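Welcome! Take a moment to look over the sequence and the fold, and then let us walk through some of the strands and how they pair.

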Amino acid sequence: VCEGQSCAISDFQVDYDILVTAVGATTNTFGVPGVREYCIFLKQLQDAVSLRQTVGNCFERANLPTATDEDRTTALSFVIVGAGPTGVEFCSELRDFLQEEASRFYPHLLPYVKIHLLEATTTVLGAFDQSLRDVALDALQSPRVGEFEIAPVDVRLGTAVKEINATHVILGPQEAVPYATCVWAAGIAPLRVVADALNELGPQQTEAQSVTRGRLAVDPYLRVLGLPSNKLGTFFAMGDCCADAQAPLPATAQVAAQQGEFLARLFATGYDTTQDIPTRSGTKEPLAEAFCQTMDNTNLIIARPFQFLDLGALTYIGDSKALAQLPAGIKGQGGVAFALWRSVYIAKQMSLRNRLLIFGDWVRGRFFGRDLTRL
């Protein structure tokens, strides 16, 4: 309810025949003190806006005529926690910013910039093949040589964060990393609404939690387990908020997108999801249902359970280079992988308008650089 410039959210109830929850997940702080108070996340749109402003403010603060060398080093110390695709890509984009924009507007500040990447496990990009991990690690730890040298990233593997305060990331009793900006990209955790739903569902959910770990357990048709038999097929879940206890999948956008298409097709073609195995009458669709079986003596079409098709993984490692890990063991790196990475990014946009706007931003950025006035 909005009045003037103030808005308030009122509780309300909505009746439904079928409920599909796709609420995603939130950032996992792993109970580390100080994370929510002092870190910037990379989850919501507002996080991106905040990070953009923070980076600009750091350089402006370091550029003050009264700043000492110590002040500049402190202001330009960046710590990224988590060396998965999100953390690695942010490190890479930050170094691109230093190479392409900061070198033009703040060249005298580049020697003061320090980037630290902290990872609790012993490797970066754990979902990738070892050879591609080595390429990513080498790209991060190598200086970029040009008109101005961009220092390598200080990558610390096997390093768990114990606490974060206003000025330091605490790694142990005698070890701390000073920072001005700390970005937390260490993983995801279920939302409270999912935890509340788990408390209302039956013992099937409790039994599955050793595998689903706080997410809603679903069957192969993405129906949430634990409902009374007369409610079967009325509550579905997809994306990061759920997992099949028999065949858990990674919490990625690729999985969520395919689950969304699966459910949309299940509903649109009229399957009876209240049956133990969803069925429908009629004739098979030539392509979508070519491999579906029919029930003996009834000619009812039996729905196939959800099957994930792994299309591979892509990640950006900076300097217009990327890594590609595709099905059938196909691997790529460098400019070709970067072109593929951007092509997939464009293709996944929901409208032609968005595709043109993003492509235009890339072209302007390539020729004229980023617009720092909006930082």
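## Before we start

Two strands count as paired here if DSSP finds at least two bridges between them. Keep in mind that this is a predicted model.

## A parallel sheet

Let us begin with an open sheet of 5 strands, which run in the order β5-β12-β6-β7-β8 with parallel pairing. Which strands stand at the edges? They are β5 (40-41) and β8 (154-157); each has a single partner strand, so one side of each is left without a neighbour in the sheet.

Helix α4 (residues 85-105) packs on this sheet and touches β6 (77-81), β7 and β12 (181-184). The direction of α4 makes about 175° with that of β7. Strand β7 covers residues 114-119 and pairs with β8 in the parallel sense over 4 bridges. Among the residues involved, L117 has V155 in β8 as its bridge partner.

## Two hairpins in a row

The hairpin of β19 and β20 has 2 residues between the strands, and D319 takes a positive phi near 60°.

Strand β20 also pairs with strand β21 (residues 330-334), again antiparallel and over 5 bridges. In this pairing, A324 stands opposite G332 in β21. How many residues lie between β20 and β21 in their hairpin? There are 3, and A328 in the turn has a positive phi of about 65°.

Note on methods:
Residues are numbered from 1 along each chain as its sequence is written. This is a predicted model: local features need pLDDT of at least 70, side-chain atom pairs count only at pLDDT 80 or more; totals for chains, interfaces and linings use all residues. Side-chain values use heavy atoms; hydrogens and water are left out. Contact means heavy atoms within 4.5 Å. Axes are lines fitted to C-alpha atoms, for helices over the stretch in contact, and angles run from 0 to 180 degrees between N-to-C directions.
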